[in-house]
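Have a look at the sequence and the picture, then read on.

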Amino acid sequence: MRRFRAIFTKEVRQLRRDRLSLSMLFLVPILLLALYGYALSFDVKHIPVAVIDEDGTRDSREFLESLFGNPYFDRVLTLNHRAEADAVLDHGRARFVLVIPGGFARHLARGEIADVQALVDGADASSAGTAVGYLDVLAARATRRVRLETLARAGVEPVLPVVTPAPRIWFNPEQESSHYLIPGLIAMLMMLAAVIATSLSIVREKERMTMEQIMVSPVHPLELILGKTLPYVLVGLATMALILQLGRAVFGVEVIGSWWLLSLTTLVFLFSALGMGLMISTITHSQQVAFQLATILTLLPSFLLSGLIFPIRSMPMFHQIFSLFFIPRHFVTALRGIMLKGASLADLWPSLAAMLALGFVFNLIAWWNTRKNL
Amino acid sequence: MIRRIHCLIRKELAQLRRDPRLLGLLLVAPILQLTILGFVVTNDIREIDLAVRDQDHTYQSREFTRALAASGFFVVQPLAGADGRDDAALVSGRAGLVVTVPADFGRRLTRGQPVEVQALVDGADSNFAVYGVNYLQKAARLFSEKLVRATASDRVGKQNLRLPSVRASTRVWYNPELKSRIYMVPALMAQLLMITTMLVASMSLVKEREEGTLEQLLVTPLRPVELILGKLLPFVVVGFVEVVAAVPFMIVVFGLPFRGDVGFLFAVSGLYLLTTLGIGLLVSTMVRTQQQAMLVSTFFVMMPFIMLSGFAFPIENMPRAIQVVTNIIPLKYYLILVRGIFLKGVGMATLWRETLILAGFGVVILGLAVARFRKRLD
């Protein structure tokens, strides 16, 4: 116990002396959450569109008005010839070019199908897909309007058996992007901070040769690991508390679920994330390698494989299974569950169990490697 | 001068060779990550778990459920039993959408009246809600269209009336099947390039300072510029090797088209490497320990670059103030260039502005780094 306290005190002193690192571990995640919560959103709006109206009738103008009367499309250019479309798309000045061919109004009057053509820049597949989706919806609305008019003019009772979904967005009624981004961002930032904190800790001693001094002391591997990890557990808890406050104060993201479950989840997370960093520290011999390994295993995976942006259910089976080995995936699921859905332990125990298991393995490897050295 | 740089490069390579793990990581890891993550970055969301509560139990309601299942977007599970807490399926994550078909569904449709179905959507998961709702609306539209035609031809045939419709036909350029992979994978390569080169650059000088070998370097006849060039050139080579390896890999494994000019690609990649290495160098002049280098380059450079460069979050959606800030992110311009070269087959003529900006960045950042480094030496 006394030896553990000695290591703990040494780590704390070293941490305090490195003001820059300490403030970065503490403040930076908070600042970044503020930045990203403010800057990032999934809603695709203000898509720049170039228009060629070859019909020039009241119907075509009405259709265009319905298209641009919402925030999804911005009319940025009016072109005169289809030949100009090439250049516009190549340069990226518009995301798609909408062509209303001559005869639009005529087709509608005759009760036929009136086509409008969209030339879409497919280089950005996700916005292209969304743009096409919006266009379909607007075309459908225009169709309905035009049909009702036709029926009314003919004096026929409007008979339109249509099924309309009335969606209610649960957990996030105003559909604030930030609401579903914030838990994911918190998970990513905490993961980075935790792994960076510990991944260099042991290997730094190896590089500076102070490891030998530790080796000749009566410290046991377990005490070394605990002593090196605990200061960062405390920093991690403090950071988490602050980041949640920020989420609530600035973005209005309340924690709907229970606080004790949140604390438990955070502790389990810290146990596994710090353990992973420590493991990296014990299997590498230079800080550069440790850094590379830590970054490779955390930066892009916690962004792409955690469910932050790309839903895990949509990934190939291999990746769905692969993601089970990544801590951020479970932390994101748990955080979203607790913060946004008010989930209980019964709902979330798989995520907690997974993090616990991973943490156990990582810490075990770290302990084993330290034992070999000591 | 060349000879002195040559000596330094030999030293760097010798050190690199002594740490084979680092070299392995630098060369192998990007390709590995590209493989795994490349298949992840697809935005095509399919097989959404949809739970249906049928309160009508008529022919029409069953047809509707069948239509939802046949749409290809959903995996439909019917809900049975007490219908009090249907939203529990959302909380537990069993379903992403819960649709309730009301008891008068069939009756209204037979009378030719519109009917609403309530849908509870899980708003807590990614941009899932938007997709879920869109797919649902699309499926409902197709279902309705069939109904309208059936009933309309019934009533309207007598009066020889035809119902018009507006149809949008789209032609998608560069990427007819809207494969998001084509869009995302080159961007992924750019980021992997950044991660490897920036990391080593930022740590290399700091490592010398930490180990105290920097002073030994300083008493040699090496001039600051030569020191920097000597330290960075091996990493420029590593960067190019990565590009050379990654490009055919992406074409073969991901079926990426390559419609542009290879020489142009290498030229702009070189410019991009200038910026990443320059930033790495700049970071190394600002910190004292390798851990600080790691923190600063991860949190202040790499993560913001990844988030704000237009890779996953469209820049058009960001607040005006942030959009202005994104103009100083070199990755943003490299992404435009790389996508243009791969997908649109355009060259210098169209993309001269981005090329110039990237070159400018490279020169300025590197210049700044060199200046700072010189000051540190005195």
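## A β-α-β unit in chain A

β1(A), helix α3 (residues 58–68) of chain A and β2(A) together form a right-handed β-α-β unit. Right-handed here means that, with the strands pointing away from the viewer, the path from the first strand over the helix to the second runs clockwise. Helices (H or I, at least four residues) and strands (E, at least two) are DSSP runs, numbered from the N terminus.

Strand β1 (residues 47–53) of chain A pairs with strand β2 (residues 73–78) of chain A in the parallel sense, over five bridges. To count as a pair, two strands need at least two bridges between them as found by DSSP. Within this pair, A:Val49 sits opposite A:Arg75 in β2(A).

## Before going further

This is a predicted model, in which local features need pLDDT of at least 70 and side-chain atom pairs count only at pLDDT 80 or more, while totals for chains, interfaces and linings use all residues. Residues are numbered from 1 along each chain as its sequence is written, and chains are lettered from A and ligands numbered from 1 in the order in which they are written.

## Two domains per chain

Chain A is split into domain 1 (2–40 + 175–373) and domain 2 (47–153). Chain B is given domain 1 (24–41 + 180–377) and domain 2 (48–159). These bounds come from an automatic or database domain assignment.

How far apart do the C-alpha centres of domain 1 of chain A and domain 2 of chain A lie? They are 49 Å apart. For domain 1 of chain B and domain 2 of chain B, the C-alpha centres lie 48 Å apart.

## The strands of chain B

Chain B has its own right-handed β-α-β unit, made by β1(B), α3(B) and β2(B). Strand β2 (residues 74–78) of chain B runs parallel to β1(B), and five bridges join them. B:Ala51 stands opposite B:Gln77 in β2(B). Strand β1 (residues 48–54) of chain B also pairs with β3(B), again in the parallel sense and over five bridges. There, B:Ala51 has B:Val98 as its bridge partner, and B:Arg53 has B:Thr100.

Is strand β3 (residues 97–101) of chain B mostly covered or mostly open? Mostly covered: five of its five residues are buried, where buried means 20 or more other C-beta atoms within 10 Å of a residue's own, exposed means 12 or fewer, partly exposed is in between, and C-beta atoms are placed from the backbone. In a regular strand the side chains alternate between the two faces of the sheet. In β3(B), B:Leu97, B:Val99 and B:Val101 lie on one side and B:Val98 and B:Thr100 on the other, all of them buried. β1(B) is mostly covered too, with five of its seven residues buried. β3(B) is also joined by four bridges to strand β4 (residues 115–122) of chain B, and these two run antiparallel. B:Val99 has B:Ala119 as its bridge partner in β4(B).

## Where the chains meet

β4(B) has a partner in the other chain: eight bridges join it to strand β5 (residues 163–170) of chain A, and the two run parallel. One of the bridges links A:Arg168 with B:Leu120.

Overall, 103 residues of chain A are in contact with 108 residues of chain B, contact meaning C-beta atoms, placed from the backbone, within 7 Å. Helix α6 (residues 125–153) of chain A gives the largest share of chain A's side, 17 residues. By class, that side has 62 nonpolar, 25 polar and 16 charged residues; Ala, Val, Leu, Ile, Met, Phe, Trp, Tyr, Cys and Pro count as nonpolar, Asp, Glu, Lys and Arg as charged, and the others, Gly among them, as polar.

A:Leu244 is in helix α10 (residues 221–251) of chain A. Why does A:Leu244 count as buried? Because A:Leu244 has 22 C-beta neighbours inside 10 Å. A:Met339 is 95 residues from A:Leu244 in sequence, but 9.7 Å away in space, C-alpha to C-alpha.

B:His57 sits in the loop between β1 and α3 (59–70) of chain B. Its phi is positive, near 55°, in a residue other than glycine. B:His57 counts as exposed because it has 11 C-beta neighbours inside 10 Å.

Conventions: Contact = placed C-beta atoms within 7 Å.
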